[in-house]
Amino acid sequence: MTPDTPEKMVVLGKVSSVYGVKGWLKIYSYTEPMDRILEYTEWMLNLNGRWTPVEIDKGRSHGKGMVAHIAGCDDRDQARQYCGAEIGVPEEELPELPDGEYYWYELEGLAVETTAGIKLGKVDHLMSAGASNDVLVVKGDADSFDRQQRLIPYVPDVYVQDIDLEAGRILVEWDPEF
């Protein structure tokens, strides 16, 4: 990071490829809904491990994805340099959520244990299960019950009993054999 780069960047998507000949880019958005990424007109792009600020002057849904245009980038070859870059924004720019709601990035890396005290591993990532609920992808580690991967439905008060960000832990009602 550069000296003026915010301390904590939150990745909201990535640049997948160029689109057309006028400098547009295809965007893979992690936001829900996916076009929420366009609410941020200033993005930080992670290019070769360095966060670089860019201004988005146009963007729209396109098919099942998104396309966006960076101000001043008006040609396909110039746009190609951004392919593969992660799109981030400073954490402080994210809207505050109501109590009991969390951004996915906040849950990643948290230790997961059962209400019986059995350690299952850590949240590797989350995934959307369509219309139903999101899913915690929990991977075991040396201190856990075992090293397998578990898919635990993110259903508060059913499977997810407690989330303690400060303690770095999620308490679940889950059979460790499953």
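In what order do the elements of the protein chain run from the N terminus on? They run β-β-β-β-β-α-β-α-β-β-β-β-β-β, with two helices and 12 strands in the chain. Helices (H or I, at least four residues) and strands (E, at least two) are DSSP runs, numbered from the N terminus.

This is a predicted model, in which local features need pLDDT of at least 70, side-chain atom pairs count only at pLDDT 80 or more, and totals for chains, interfaces and linings use all residues. Residues are numbered from 1 along each chain as its sequence is written, and side-chain values use heavy atoms, leaving out hydrogens and water.

**Whole chain**
- The C-alpha atoms fill a box of roughly 60 × 40 × 30 Å, taken along the principal axes.
- Of the 178 residues, 37% count as buried; buried means under 20% relative accessible area, exposed over 50%, and partly exposed in between (1.4 Å probe, protein chains only).

**Asp 35**
- Asp 35 is found in the loop between β2 (24-29) and β3 (42-47).
- Asp 35 counts as partly exposed because its relative accessibility is 37%.
- Leaving aside neighbours within four places in sequence, Asp 35 is in contact with Ser 61 and Met 66, where contact means heavy atoms within 4.5 Å.
- Asp 35 and Gly 59 are 24 residues apart in sequence, and their C-alpha atoms are 8.8 Å apart in space.

**Glu 92**
- Glu 92 lies in the loop between β6 (86-90) and α2 (104-107).
- Glu 92 counts as exposed because its relative accessible area is 62%.
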